[in-house]
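Hi,

Here is the structure I promised to pass on. Please open it alongside these notes.

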Amino acid sequence: MELKLQRFQRTDISTISKLFIDEEEFCFCLEDKDRGLHQGMTVQEILAIKVYGKTAIPTGKYQVVITFSNRFKKPLPLLINVPGYEGIRIHPGNTAADSSGCLLCGTTYDTDRVNNSREAFYELFEKIEKASKTEKIFITIK
């Protein structure tokens, strides 16, 4: 399964993106502020720019696996090998206050928020969980 996150709205607080599944538009996502990080940067360069809990992850391609989240006490999608970050998950939430670099899903968006997050997340999780039984899952963030 190929996920693509296309960032299109940036503010001083958050970043809104469209999430595509195998080239088909699926939902919107909210992340923290995009500070221009990319996967080609060194960890030292990323850490020099990153503001903890207030910075979107670097653009690039990451594998997505489902693992148990100690914080949320249930299985959630995890992006692995994100340079300068740990524990980046896809989970429900509405604003940047609900994210520490994680991706929050929603069916609609407004400035600095996504709406109907649980609905969008659970539908996405079902698709990721099903696909994970037969194939690797990747997300490309642009």
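**What I found**

Tyr-62 stands opposite Ile-139 in β10. Bear in mind that this is a predicted model.

The strands first. β4 (residues 60–69) and β10 (residues 137–141) run antiparallel, joined by five bridges. They belong to an open sheet of eight strands. The order is β5-β4-β10-β1-β2-β3-β7-β6, and the pairing is mixed. At the edges are β5 (74–80) and β6 (90–91), each pairing on one side only.

Ser-17 sits in strand β2 (residues 14–21). Is Ser-17 buried or exposed? Ser-17 has a relative accessible area of 0%, so it counts as buried. Leaving out residues up to four places away in sequence, Ser-17 touches Leu-5, Gln-6, Arg-7, Phe-8, Cys-27, Phe-28, Cys-29 and Glu-31.

Now the helix. α2 (residues 117–132) has 16 residues. From first C-alpha to last, α2 reaches 22 Å, close to the 22 Å expected at 1.5 Å a residue. The buried residues in α2 are Ser-117, Ala-120, Phe-121, Leu-124, Phe-125, Ile-128 and Ala-131. They are on the same side of α2, because they cover an arc of only 130° around the axis. The face turned away from that buried side carries the exposed residues Arg-118, Glu-119, Glu-126 and Lys-130.

Last, how the two parts meet. α2 lies across β1 (2–10), β2, β3 (24–32), β4, β5, β6, β7 (103–106) and β10. The helix α2 runs at about 75° to β5.

Best wishes

How values were computed:
Residues numbered from 1 in each chain as written. Predicted model: local features only at pLDDT ≥ 70, side-chain atom pairs only at ≥ 80, totals over all residues. Heavy atoms only, no water. Helix = DSSP H or I, 4+ residues; strand = E, 2+ residues; numbered from the N terminus. Buried < 20%, exposed > 50% of the residue type's maximum accessible area, 1.4 Å probe, protein only. Contact = heavy atoms within 4.5 Å. Expected span 1.5 Å × (residues − 1). Arc of directions from axis to C-beta. Pairing = 2+ DSSP bridges. Axes fitted to C-alpha atoms, helices over the stretch in contact; angles between N-to-C directions.
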